[in-house]
Structures are given as structure tokens and as C-alpha cells.
Amino acid sequence: MLPINRLLVLANRGNGLLNSVYARHLSDPGRDVNIKVQNVKTGLSSTPDGNRDKLRNIGIVAHINAGKTTTTERILYNAGSTDTVGDVDRGNTVTDYLDQERDRGITITSAAVTFNWRKHRVNLIDTPGHVDFTFEVERSLSVLDGAVTILDASAGVEAQTISVWNQAKKYNLPNIIFFNKCDKPQADIKMCMKDLKTDLDISANLIQLPIKQQSKLSSIVDLIDRNLITWQTPDTNNGSKFSIQPLGQVKLDKEILDNVDEERERLIHNLCDSDENLASHVIECERISDVSGQLIKAALRKATIDCKISPVLVGSAFKYIGVQQLMDAMVDYLPSPIERRSQILETLMEQPDPTNTGHDKDECAFIFKIMHDKRLGPLSYLRIYNGSLSRQMRLENLETGKLEQVKKIYRAFADELKEIETPVGQDDIVVVTGLTESRTGDILVKQNFKRQHNNVGDNMRAEKLTAEMTGAGMPKKIVEPFRKIGQRIIVPKIERLEPVYFCSIEARNMSQQLKLESALACMSREDPSFSYDIDSMGITTIRGMGKLHLEVARDRIKTEHGVESILGRLQISYRETIEGSATEELSISRLINSVNNTIQIKLYVRSVPSAGLWTGKKLRLDSVGENSLARLRNDHRKAIENGFASALMHGPSMGYQMIDCDILLLDFKANSRCGLPVISSAASQCLARAIARCSPVLLEPIMLLEVVAPKDHNGAIVSDLTSCRRGILVSTQARTNGTIVIRSHTPLATLSDYSEFLRITTSGRAVFSMELHSYSAMSETDKQSVVRL
């Protein structure tokens, strides 16, 4: 090796000096490079060369404690965006900036950061890994073009890994996988690869292999270019000093070289199935080692974007090993917004529109996150899906029809904001102020957009996109997570998650009750998985995904809104439904404030399994029978929807919210001066009577529980789940590291003491996680333990 002089690079965020040094180093193996990064923070308002091909919108997802935030910190340091490397244990990370995150050492809210790497601009989102914040992951993934899934190499695929992978799969997101913590003695690459196949059902291929010397990770083999990348002292120089050597110039054990050839051949074989150019080249090569690395990269990029293969990289973010190679993979294998749009259109079985250059005037932006700032007010994180966005622009909320004005536009670097004065183009992710009415999941369009695109209203009211008809009369396949706006704009659709816990909340000082209600309104705008309501007695109830979720909400109310509050006893959010169906008719004639209110309403209600929560968008009108519904006024319909929703808030059995109900409005008549509150009241009464004529059913939340424990404790854990906790065993899987993974469908009500049980049974050597799977009807015996509301 020929060492070169140490390089001191003053890398402005976005100036590309560090990137060019590393690029030269990659092109010239056999050299040592020692890079120290000093950062001067500057704004980023566009891609380095204004080219959308050079833009990447990427998210990092994983199970809790797999190393997402640690990896992100190393990425930002290597990109020159930070001067020092943050540490989760010290509570000084960039992306975990909330007080609650630093106190608890976990990611609670998604954080957006922007950096430059190899003349590309990357918008990176670090997402939570805790099950209580699954919805935070959902809404972040919805606006991304690709994802990096991180696995703990000693634990493999875990419960939340499955959950976030299913979310990524739902949006058909291209993925690259990073096996983190390969420095741990229990790290098992074969186990992880097996988990990817059995638990996630994906086609994944290693493109790197870890090499340990004296049980210490120090090198990585690049299977594509057949290079050995070695870090001598990564801890002392933050991983900036490493060497790259061709495998032919280093001495490695024959077993390692055989493994390299075997994995490289497997990668090439899988790529040849979908790439004719590579297949033809392979036929011409005498040995597998002669296959061109450039052709492999080109074929791998295409296969990754098409979601046919997920490349797998290895390393240890904490030890600074493999991070820069992971950053290269983000640029090399994940798609640009243009490629991502083509992929979605292909999935929708539509042809890309060559006339859509992204410079037309049909502005369209999607809000995927809202934060509250004491000084700036609501901060709306959005992605621009069409046109461009500029300051003082007026946009229409497609959900509510209300006009909103964008005051200022910012580039996010976690909790730091850099104002952008120039217009921001299509596919960018930015933060704006001035949107006072919009909520997470809303879509903003230019004024009069609805008038120009008559189908927008229908698409927005539809619960999901249904089949459309082509000119030939054949149905098009439409993917549920996306909705079509106008003729060619496609935006994501976020589904609301069901809260499984609730408790009462009150201000410690009654003089702050109104301030508490204002804080709760802000939080429900920010987080659709968090809700609250105030009953007729003035009792405030908050609902969320778990104990941690609600405790964090309480802490944020104190730190961000200055209100100290008291939480009541945590309770499970049971649900109610009905068996059978009923038809009900109600006539009302009342004199209120000298105005006669005459109403006739007739409806039909039935049980529909797995229909979920009822919303006004699900109201069906009878279009067959003789009625006056064709002349139903919009304000009357809204009042009816509100009345039905009110009746479903409290079921007839024990007062819990009702789900899985379908309502058909058969007829409705009201005099012209009839008050809307009277209509809502009549609709609520009529539906309540119909429900009372059906058989009530109490439903309990069933959790998908995953336990990872030493094999010796398998019998005790399975016996407890199936006999004491009414669990249904789904699977058990033994791993080569001496542990077993047990998955079951278990009622949430039986798991209140499960953490203590596992700690005592396994001497603290087991861990578990869970997520909502479904709701199930309870027996009469089990119902006795449920507290009536």
C-alpha cells in the first residue's frame, strides 16, 4: 500500500469536498485516507446542480435499539453536517432532540435532516422504533422514495422490524438493508439472511461480508468490486481512516475467499434473472470473478428500484465501520423521485406522462407531519408532489375546502430550521409556517383546483381508490396507499391507527383547563393516532397507542405548552359491535325558538366484520328505493353524519366505541328551516334505536406478541401464554444464537404484568414487543372483568 498524506477537509454542508475526496479514494484502491471533517453550517435550498435525478428522499426504519439514531449520527458526521458525533446514551444526538427522547434514550418523533453526498442531496428521515409510535413511521414512509432497514445482526428480524417492513411493502418502497452491530460476538449473518426470507418473505442478497480478526470486526469485503475495506483504529478517528485493497493483493483464509465467491455468484445469478445485459456478459466471462462490477451495480440498481432485490450491507455504526459504504448505497441503489414516480405508475398499470415535467402550475403538496413551535406556531412538514411552492402562496385544503397561506418555507435539520427564500420545486421535502387549519394527512392544492378537475371531490370522499375504466373498458389496478388527484398527480394516503389505551386527564390547576384543551387540540392535529374527547360531565379523555405514548403526550403538554396535568388510571380501549341487522324509522316535530322543526329519517344498519371505525365518508345512500335522497342538501348530510358518529361513540353494552357497522340511509325529509343540531339529534336517536334492536357484542384488542428468550425457557413461556393468558400460538422459531422467537395472538387485557413475569421467569434474559393485530369477541365469562364506562 502507498500511504498518502493526511487530508484535512473543511467540508461545508453541501460543498462536496468530502464527497470528491472519498470518490477519488474509491477509484484508486490500495491507498490510505485520513479525513477529519469540520463543518460550517450553510443552507441547502436545492440539489447541487438543480437536477431532480440527484435528489434522494430516504427513511431509516428498524426495531427499537437496532441502531437507527446511532447510524444517522454517523451519516451526518461523514457528510460534514455536524462537527461532532452525537451519542444516544449522552443525550446529545441531532435527530433525538425532544427532552423526552433524550431522557428515555429512544426516538419518539420522526426527524428530518438534509445533507449532501457525492453531489446528491439527501432528505433523510429518522423514524421511531417503539411500537407505541408506529403511526409516526407510517406517515413518514408515505412520502419517501426509498428506505434503509436496519437490523441488529445479533437479533435478526424482530417484531417491529416486521411491522415497519409491512408498511414499506404497503407503499412498494425500494429497500436496502443494513446489518448493524456486526461487531457483537453473537452477530449471525446467516441467521439474519434466513429471517429475511422466512419472516419478511423478501429476496435479499449480500453485497458485503464482515471479516473479524481475533473476534474483532475490522474489515468488510465488497463483493461487487472484490475489494477488502479495512479500518485499523476506527474508534480514534471516527472511522475516517480506512484502506481499500483488491482481494488479489491481500491474504485471506481459503474459507473466506470461497464464501466471497459463493455469495458473489448467488448475487449475479439472481440479477441475471431480470437483466439480459448482465446475463450476456456473464456467459462471456471464464470465471465468476471476471464479471464486471459496474454491470453488477447497474443491474442491482434496477432490481432494487423494481423491488425485486434488496441489497444487504454490513457494519457497526457505533464503531464507525461501514457507514460511508451505506451512504454510497443510498445514492447508488435507491431511486430518485423521477424513478420512483415511474415505479408507482408501473404498479398502477399506467404509462408515465412525458409532458409532466414538474414545472406546471398545478401545485399539490401533502402534509405528513405537524409540530407545534411556541414562536412560529404550527410547523407543517410536507412533500411537494406537483408544481412549486413559494412564500405567501395561497393554497386550498382539499379535505376541508379552506384556504391556507404559506408564510415562510424552511429546510429542516432536526430541530434547526434554515429559511428558504427562493421557490421550492417538485418532490422536495420542506417545512412551512402559516397553515393554521390543516392536519396531518391533508392535501394542499392551488386555488380553484377542484373546479378544473371535476373528479377530485369523488376521489377524496372515497374510502379507497377503486378500479377505474380505461378507454377499452378494462379495469386498472389501483393500489390502496395512493390516491389520484386530477389527471396525473398521485399522492399517498395515510390510514388512521386504532388507539388501544385511554385514560382521563385534567389540569393540575383548574385555571389552566382551557389551556390544556388547546394543547390537546394541537397534539391531535399533529398525531392522528392520538385523540381526545370531553363528555357531557366535562371529563376529558385521551386515547393513544400505549402507556408510553400517553405519558409522552403528558410530558410534551408540560414542556411545550406549560400545562401540568394529571393522568387517570390507564385503561384498555375495548370496542363494541352488533350481530345481525335492523331497520328503523323516526319522525320528529318540535317547535324551537318559534321555528317548527319537522324531520323524517329512515335507516338500515348491519354488522360488517373488519370494517373498522365508521366515518362520514362511509355513509351510503339508497339509490334504488323511492325516496328524496337525490335532493339531500350537503349541510343536511353533514349533520346526519355527525349524528351517526355521535351515536357510535358509546355502545349499548358497556359504553365503548362501536366499530364494524355499516349504515344505509333509506330516506330523509326535513323542512327548509329545520336546525342542523336537531337533524344531528334525530339521526343519533334513530341509529341508537336500530342498534338496540340488534345483539350487542363486546370486542377486546388482540395483540401480536413476540417474545425472544433463551431456548431453555420455551416451555414455561408457551405454557403461560396458552393457558393463563388465552393466547393462540402463531409460531416458534429457534435461532443459532441459543434463543427462540415465540409469536402469539394474545388479548391485551392479560398482558399487564407480562414484563414482570418474563423478568422473573428468565432472570431478565428475555425481551418482548407487541402491536395491535385485531379485535375479537369476548365470552360472557371474560366480560365480567371489563369495567363499564
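Biologist: At what angle do α19 and α20 pack?
Modeller: In this predicted model, α19 (residues 714-724) and α20 (residues 754-762) pack at an angle of about 155°, and their axes are 11 Å apart. Angles over 145 degrees count as roughly antiparallel, so α19 and α20 are roughly antiparallel to each other.

Biologist: Is that crossing left-handed or right-handed?
Modeller: The crossing of α19 and α20 is right-handed.

Biologist: Which residues meet there?
Modeller: From α19 there are A716, I717, D720 and L721, and they meet Y754, F757, L758, T761 and T762 of α20. By class, that contact has six nonpolar, two polar and one charged residues.

Biologist: Next pair. How far apart are the axes of α17 and α18?
Modeller: The axes of α17 (residues 634-648) and α18 (residues 676-692) are 7 Å apart, and the angle is about 45°. That makes α17 oblique to α18. The crossing of these two helices, α17 and α18, is right-handed.

Biologist: What does α17 bring to the contact with α18?
Modeller: The α17 residues are D635, H636, A639, I640, N642, G643, F644, S646, A647 and L648. On the α18 side they meet L676, I679, S680, A683, S684, L687, A688 and I691. The contact of α17 with α18 divides into eleven nonpolar, six polar and one charged residues.

Biologist: And α10 with α11, what is the angle?
Modeller: About 75°, for α10 (residues 293-305) against α11 (residues 323-333), with the axes 9 Å apart. The pair α10 and α11 is therefore roughly perpendicular.

Biologist: Which residues are involved in α10 and α11?
Modeller: K297, L300, R301, T304 and I305 in α10 meet V331, D332 and Y333 in α11. The contact of α10 with α11 has four nonpolar, one polar and three charged residues.

Biologist: Switching to pockets. What volume does the second largest pocket have?
Modeller: The volume of the second largest pocket is about 880 Å³.

Biologist: How many residues line the second largest pocket, and which lie nearest its centre?
Modeller: The lining of the second largest pocket has 27 residues, and I189, K190, L206, L209 and N259 lie nearest the centre. Elements giving two or more residues to this lining are α6 (189-199), β10 (204-206), β11 (208-213) and α8 (254-272).

Biologist: Which element gives the largest share of that lining?
Modeller: Helix α8 does, with seven residues.

Biologist: How many residues of the lining of the second largest pocket are charged?
Modeller: Ten are charged, alongside 13 nonpolar and four polar residues.

Methods:
Residues numbered from 1 in each chain as written. Predicted model: local features only at pLDDT ≥ 70, side-chain atom pairs only at ≥ 80, totals over all residues. Heavy atoms only, no water. 1 Å grid on protein atoms, 1.4 Å probe; cavity = no way out; pocket = protein on both sides within 12 Å on 5 of 7 lines; lining within 4 Å. Points joined across faces, edges and corners; volume = space filled by probe spheres on them. Helix = DSSP H or I, 4+ residues; strand = E, 2+ residues; numbered from the N terminus. Nonpolar A, V, L, I, M, F, W, Y, C, P; charged D, E, K, R; others polar. Axes fitted to C-alpha atoms, helices over the stretch in contact; angles between N-to-C directions. Parallel < 35°, antiparallel > 145°, perpendicular 65-115°, else oblique. Contact = heavy atoms within 4.5 Å. Left-handed = near helix turned anticlockwise from the far one by under 90°.
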